[in-house]
Amino acid sequence: MLLIGAALCLALVAMLSGSAHAGAFEERKLPMKFSWVACQPNCRGWVSAVGIVTADSPRDFDEFARGRQLGGATIVLDSSGGSVNDAIALGRRWRNLGALTTVGISVQTNTAQSANANMAPAAYCESMCVFLLLSGKTRYVPETAHVRVHQIWIGDRANDAKAATYSADDLMIVERDIGRLAKYTFDMGGAGDLLSLALNVPPWEDLHELSREELQQTNLVTSDMVAEPGRPNATMVELTPKPVLGRFVGSAVATETNPEPAKSTKSAEAMGRADGVRAATPLGQE
């Protein structure tokens, strides 16, 4: 009977753990939501950004930011990717705020005396989320976080990309958005290595998870965080940044506030996936 009781306890723990993991996975697949995580009096607090970037995300962030002092705030990401052009627009907003970016899952408990918050580092930042991470003026990736990249693709054909047919207009949209993404990458201080790694992974292959060395090589990580858990705005120690290489263009162009060229009515999408499951987003209407 003791053995049976122990087995039932283990099964219950496994079931609860699986439910929590499934819940986090579902949030990463839903449209991106923004929330302020307070942790007074321990720290300033931070912005939690969870979910897939959609055409509504830049406007949703503007509404969230209205009336808040977000200059220099930390933005904590847990996302499976989303729309290319909308992620670029959102990333430029964050850079103009001088935001810090990192990867994590925010956990908050409120008491009568204070708001206690912690950040679970075992989170995911995939596809276009990686380029949102790049928008931070200072960027930090915990050891247990997962940062994964792959090619952008036309969303409504990503589930069976090899069997799908493509028109000249489709190819034009993809190539145009790759150009926009390249310019954004260099504007944000990223290296050509990031584009090279991402553009070598087609949608029918698993996402490529960046190693610690690749995070440094691509300039996705710019600092080591010397902080207690739950204090993302604590002191940071800057690393020596890697020079941006002109792999795709002659030199980096530091024009963070420059708008993107006029967009047509369609764009390629980055197909968000998590834990090996593909969640294609449809061809965007902008």
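In which sense do strand β3 and strand β5 pair, and over how many bridges? Select residues 74-78 and 100-103: β3 and β5 run in the parallel sense, joined over four bridges. (Strands are DSSP runs of E, at least two residues; helices are runs of H or I, at least four residues, all numbered from the N terminus; two strands pair if DSSP finds at least two bridges between them.) Here Thr74 stands opposite Leu100 in β5.

Before going on, a word about the model: it is predicted, with local features needing pLDDT of at least 70 and side-chain atom pairs counting only at pLDDT 80 or more, while totals for chains, interfaces and linings use all residues. Residues are numbered from 1 along each chain as its sequence is written, and side-chain values use heavy atoms, leaving out hydrogens and water.

Now show the whole sheet. It is open, has five strands in the order β1-β2-β3-β5-β9, and its pairing is mixed. At the edges, β1 (33-37) and β9 (138-140) each pair on one side only.

Next, select α2, residues 57-65. This helix packs on the sheet and touches β1 and β2 (46-50), where contact means heavy atoms within 4.5 Å.

Finally, move to α6, residues 192-199. Its buried residues (under 20% relative accessible area, 1.4 Å probe, protein chains only) are Gly192, Asp193, Leu194, Leu195 and Ala198. They pack against α4 (129-133), β10 (146-149), α5 (168-187) and α7 (212-217).

Notes:
Buried < 20%, exposed > 50% of the residue type's maximum accessible area, 1.4 Å probe, protein only. Axes fitted to C-alpha atoms, helices over the stretch in contact; angles between N-to-C directions.
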